[in-house]
Each structure stands twice: as structure tokens, then as C-alpha cells.
Number of protein chains: 2
Amino acid sequence: MSEDPRAFESALERLTCVIPAGGVGSRLWPLSRANAPKFLLDLTGSGDSLLRATWDRLRPIAPPERIIVVTGNAHRESVAEQLPELVQANLVTESEPKDSSAAIGLAAALLELRDPDAILGSFAADHVIRGDVLFQRAVATAARAADQGYIVTIGIHPSHPATGFGYIACGGSRGDIAQFDLYGVTEFVEKPDAEKAREYLEHGGYLWNAGMFIARASVLLDRMAESEPELVRALREIAAAWGTDRGAEVRERLWPSLPKIAIDYTVAEPAAAAGDMLCVAAHFDWDDVGDFASVANLLTRGRGSDLAVLGDGAQVLSDASSGIVVSDSDRLVALVGMEDVVVVDTADVLLVTSKRRAQDVKNLVNRMKGSGGRHLL
Amino acid sequence: MSEDPRAFESALERLTCVIPAGGVGSRLWPLSRANAPKFLLDLTGSGDSLLRATWDRLRPIAPPERIIVVTGNAHRESVAEQLPELVQANLVTESEPKDSSAAIGLAAALLELRDPDAILGSFAADHVIRGDVLFQRAVATAARAADQGYIVTIGIHPSHPATGFGYIACGGSRGDIAQFDLYGVTEFVEKPDAEKAREYLEHGGYLWNAGMFIARASVLLDRMAESEPELVRALREIAAAWGTDRGAEVRERLWPSLPKIAIDYTVAEPAAAAGDMLCVAAHFDWDDVGDFASVANLLTRGRGSDLAVLGDGAQVLSDASSGIVVSDSDRLVALVGMEDVVVVDTADVLLVTSKRRAQDVKNLVNRMKGSGGRHLL
């Protein structure tokens, strides 16, 4: 099937972008906190939060009426502040976090009522992407395939054998739907070890899983209902009452009992197993900015060996050629003989670790949850 | 000559202890500052400054009338606060720092006028000593030898091949003066490299130079006058006018032009070359606490492998088995995967280095002198 520009346009016109804005990002503690989650942080030094950058990236694809943010009650005001253009009705709040199936599923159920043919694209609020035109093109291709009933993800061509991301194993090309870059998904694979990651890179056909999903809202919900019928029934009931007198009552009754389960398990993996999952292979720069080592790499990209510095008032004196200083104070940070160090200097907590051990910050945070340090999380 | 207890007592009764309290201790920046020099810091976690601990160590040897502190004008109030028992007339201030020959020499010139037979003992304000009885015994022996016209130092038996201290090469025993532990000094040697330090330890006869001098005030000045006659003439003129109407005028006229030179070069080395220098070999614990690695070692001594923590409100979360956190804030300091790290957390400066590179803090401070960072020193 040849590519028909009108078919692309028509699909894009029915695309609503959903931004699930949850997740504290505990590997980025003490910069990230319960009241300052990762998506509200500026991790690129651009001056914009990751959420704001996500909005700006999606705006050329969809007008404000077709961008929905799903977030926790606690972050309602911060999100509204970051996104003054956000339409009031499109700010969907959760009374408590219930993971991505419920968050994206609720948005899908709301969309389905607005338009039975609505296409939903879900894009994380806390990733970094460079190459907006390539991103937009990938979304357009994905929307076109979604319009035909597929569940579509966008995979990123690996630039190196990363061990910090999940991978998508791709099968045959689907040139019947879109001429370029569209493939069947064989399976989703977990974060590999270094050897496995090298194999993936050499073998080809493995893309980074950027956690994006594009599908008709009803297709997504029907797929989810196969493994979680109660969840989907509840979501549709909440959506039906949404904005009515009964809205709050229905949500308060149903939401607390919803299962916490990632959309990977209710939608992506079952769809891949059934052969209904497609993947757009994309070439834009993407990072989930999972820890301070990632932040350092993002900041120094293209500048060779250098210490990364993030922070407004940051003054740094250093002889280091690698590592990162994150400062939200006006203090001088002096480093002597420290390579690959991670220093995060906040008002009430100072963290010192190494790029190599940056992932283990999560363990520390978990230890603090069980101890007296909860107020600092 | 057998030991006569009365001779010891007589010498000790004429001993005046001089505490030169100068030197910022720039390797301990940012804890040490121009307005918070090393001698005013508590580096042992005892609650006392090093100066106060020095005073308390000397008090069993000499009453307040026979303890003099020489310090900079800027530190006059801090010193008086630390040492309320200090006799007003014994707080000698310098209008500008002129190194140890001038500082100790001025005290000697003042003492010589009080008592032509006065014995002066100079003890640094910023060293750490454990084993006060052994220290007192060593001082008594030194005073006895000083009474006989020698210039005497106290050397410490090395416990390990330290490369951070100077050494004293000892010659034959001087049992003719004191029965135990008194030797001629062959020469003073600079900080050795690791190989040389091991040789010294194996060879024996090499002691750590703790920078202590005990001598008759007049002997010390006469020795100094051989290489620096102008300096000694000026010091004696300042001393003669001290406390009179002309005191301030004379000091203001002469002090600024005095040469900056360490007493090692004007007294100790020439005396050793002339065969007039003796050394008491002592067994007390001594450390000049030259950098944060020394502070860490002092704090963890006897507790095996452990992270050292210094600071009142210090809260530390760490998986490290070595290194040091110095805190003068109430912030939480969290370390993940950092061994041998040095973290110094102050209100306006954060320093991160390693025990191995702790000496290089001085280089950083020197760089800052030439740049815009002077106000933080």
C-alpha cells in the first residue's frame, strides 16, 4: 500500500496526546522529591522542566484541546503552572497513583467517549528527546498504523550498547502500512547485561523501548480488558461519570481498588504475543534520564570530556574531566582529584556518589523509606 | 651526671611556654578560613579548639603567668575567648604575620627582660597530642637540657613511615645531661618520599620533627642573631618599649620591615650544625593534623575501618568503610559507593576530595588567591 498523505493527516487529526506525569524518579534523589518529581525538574539546563519540554514537543502535533495530562492530585497546581495553555478539562488527576494501566486507561476511556475513533498517543513526561522533526514524523507514522487497528510503539535505534534500557525485538517490515521504518514487534526484552547489549547492537533488529504507545483508545482498552476486565470496566464507569454530579463519587468509590499494573503487561506484551504490535524505528535522540550518570552524559554531549554542571547559581571549581555537579544553592562546590563523581547539593541534603554507582541511589532511598529519613524524600 | 630532681624542678620553674598561634592551615580549607584558622578549630570532636587543648596540656607544666600566646591582631578576641585564664600581658599580638623567627623571637625578647635566666618552650597551637604524662616528662627533660645552654627539640618515635612530616636525625645519647631519651641532633631532614620514610623507620635514629623548641630565651636570641642580627636587634628594641608609652610607636615602626623566616633556619639548623642542638625522643602520640586525611585517621583511630564524622549537627548516611565527612550544617550527607572520600560541608563552600589527594587542597586555595574566590578563603 502506497503512502497517502491524506491518510496520515486524517490519523494525526484524531490523535490525542496523553502525558502520564507520575513517578518521583528516586534515582535522581535528592534533586527529585515527592513534591518535586522528576517531570517537574529541569535536567537539561534549558530552563524548562521535562514536562514543559514534552508539551512543547507535542504542540506541533496536536493543539491544546488534544493534549491530556494525567497526574497526581498533589501535583495539580505545579502542572497547571508549568502548562498555562493546558485545557482545564484535560488535566486529569488521580487521587492515588495506580501505575500506567490505570492512568493511560482512564485517559483512553475519556477519549473513547469524546470520539469513538479517537487515537491515543502516550508520551512520558520525563524523557529527553532531541530531534523534534524526526519525532513528529515517527508519531505520524505510528498514528497511521494505529488508525488501522494496531497498537504501535516507537523504538529508538541504539547508539551504544546501553544496559539501562529495555529493548524491542523487531520482526519483518510492514511496508504494507507505511513505506518506511515500520516493523512487527516480536517481543519486549528487559534491560540486558553488557554482553547481551553488545549482541543486540551487532545483531541489529533491537531498538530501545522508549515507552511510547499509540493506538485507538478503544483498541487499547479492549486489549487491556482481555487480562484486566474489572479494571477496564471501572475505568469506563469512571469516565462515563466524569464531569457530572456523580463524577467525584464514582471515582472515589472505584479508584482506590484499581490494580497497580504497568501497561507493558496489560497491553504491550499481550499485543506483541498476538502479533498486533508494531514498532516505528526512529532515529531521534532519546534518553529516559534514569540517573545522574545519564544527566551528566546529556549535559556534556558533544563537548568531549568535561565535568557537567547543572544548576542556576552553581559555581564550581574543579580539576575533573568527568562527573557532574548539580547545585540548587549558591555555594561554591570545590572538587580536588575527583573523577566521575556525582555531587548533588540541595538545601537540606547533600549526595555524593559516582557515575558508576548512580543507579544505587534508589537503594538508599528505599532504605530511607523504612527509617527516619522519610521527610527528606 | 646523675639526674637531680631539684635540677629538673628548678628548670621547669623557669620555663615559660610560648604558643605561636598563627597559620590558617590552608590544607584544611574550607573548614579553616582566614577568620577561622586551624588553631581555633575542633578537629578531634572533643568540643575544644586545638588552641584550648594546647593550653590544657601545658597548664600542668606552667601556671597562667608563664604561658604566652603570640597571635595576629585579627585573632586577639577569639584567642581571649578560648583562653579566659590567659594573662592579659601574655597575649602578644602581631600587626602582620612575620613567620616563626619573629613571633617566637619577640616572646623570647620579652621573657629575657622579665628574667635573664628564663627558659622558653615553644609549642604549636594546632597540633594534636595524646599522652599528656609522657609529654610533660619530655618537656621536663628538655627544660633541664635547655637550662644548661642547649637548644632542645622534642622528636616523636615514628609509628609508621610517614611522608607528611619532617624528620630529626639523632646522634649519640647525651646521658651526661639526662639519663633517658636525650640525644644530639645530627640534622633536620625534609619530608621524605615513601622509600626514604621506610628506610628511616628500619634504620632507626630518625624521629618525627614536632616543631617544638626549648631553650634559654637569651640563648635562642643569640643563636638567631648570628644569622639575623637586625631582626634580633629590632625584636629586643620592641620588647624594651613593650608596655610603655613608646610601645606602639616602636612596634609600628619596626615590625613591618622584619624578615619573614622560619625559626628552623635561624635557630634549629644552625644549632644542629654547631652541635648545640639536642633532642628528647618521646613516645606520646603526636600529629600535626596537616590535612583531612590526618583528621580522618585521628578520628577513627582504634575503631578499625570506619567513616570518620566530624561536626555538631552532622547526619550521615553512608555505605563507606573509610573517608571523612566534616559538617558544620544540619544537612543530611548521603554517600553511595564512595570509599576514602573527603566531604567538607560548610555554609558557603562544599569541598569533595579523596584522602589520597587531601594535600592538594592547598593548591586549590593558592589558585583561589589569584582569582575571584579570595572572599571564601
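This section describes how the two chains of a predicted model are related, how they meet, and which local features stand out within them.

Two copies of a chain are related by a rotation about an axis and a shift along it.

The interface comprises 31 residues of chain B in contact with 31 residues of chain A. Between them the two chains bury about 2400 Å², and carbon and sulfur atoms account for 64% of this area. Three residues, B:R331, B:V336 and B:L350, supply 27% of the area that chain B buries against chain A, more than any other three residues.

Polar interactions also cross the interface. The count between chain B and chain A is 16 residue pairs in polar contact, with both residues at pLDDT 80 or more. Salt bridges between the two chains number 4. In one of these, the side chains of A:D319 and B:R357 meet with an N to O distance of 3.6 Å.

Several elements of chain B contribute to the side that touches chain A: β14 (315-318), β16 (332-336), β17 (341-345), β18 (349-354) and α12 (361-369) each supply at least two residues. Of the elements, β18(B) gives the most, with 6 residues. By residue type, this side of chain B divides into 19 nonpolar, 5 polar and 7 charged residues.

Strand pairing also extends from one chain to the other. Strand β16 of chain A, residues 332-336, runs parallel to β18(B) and is joined to it by 5 bridges. In this pairing A:L332 stands opposite B:V349.

Strand pairing within chain A was examined as well. Strands β7 (residues 167-173) and β8 (residues 182-189) of chain A pair in the antiparallel sense over 5 bridges. Here A:C170 has A:V185 in β8(A) as its bridge partner. Strand β8(A) is also joined to strand β11 of chain A, residues 277-282, by 3 bridges, and these two strands run antiparallel. In β11(A), A:C279 stands opposite A:Y183.

Over all chains, the count comes to 40 salt bridges. One of them joins the side chains of A:D348 and A:R33, at 2.8 Å from N to O. Because A:D348 lies in the loop between β17 (341-345) and β18 (349-354) of chain A, and A:R33 in the loop between β1 (15-21) and α2 (50-58) of chain A, the pair ties together parts that are 315 residues apart in sequence.

In chain A, a cis peptide bond with omega of about 5° joins A:W29 and A:P30. A:P30 is placed in the loop between β1 and α2 of chain A. In chain B, a cis peptide bond joins B:W29 and B:P30, with omega of about 5°, and B:P30 is placed in the loop between β1 (15-21) and α2 (50-58) of chain B. Finally, A:D340 has a positive phi of about 60° although it is not a glycine. A:D340 is located in the loop between β16 and β17 of chain A.

Terms used: Residues are numbered from 1 along each chain as its sequence is written. Chains are lettered from A and ligands numbered from 1 in the order in which they are written. This is a predicted model: local features need pLDDT of at least 70, side-chain atom pairs count only at pLDDT 80 or more; totals for chains, interfaces and linings use all residues. Side-chain values use heavy atoms; hydrogens and water are left out. Contact means heavy atoms within 4.5 Å. Buried area is the accessible area (1.4 Å probe) that two parts lose on being put together, summed over both. A polar contact is a pair of N or O atoms within 3.5 Å; within protein, one must be able to donate a hydrogen and the other to accept it, and residues adjacent in sequence count only if both atoms are side-chain atoms. Helices (H or I, at least four residues) and strands (E, at least two) are DSSP runs, numbered from the N terminus. Ala, Val, Leu, Ile, Met, Phe, Trp, Tyr, Cys and Pro count as nonpolar, Asp, Glu, Lys and Arg as charged, and the others, Gly among them, as polar. Two strands pair if DSSP finds at least two bridges between them.
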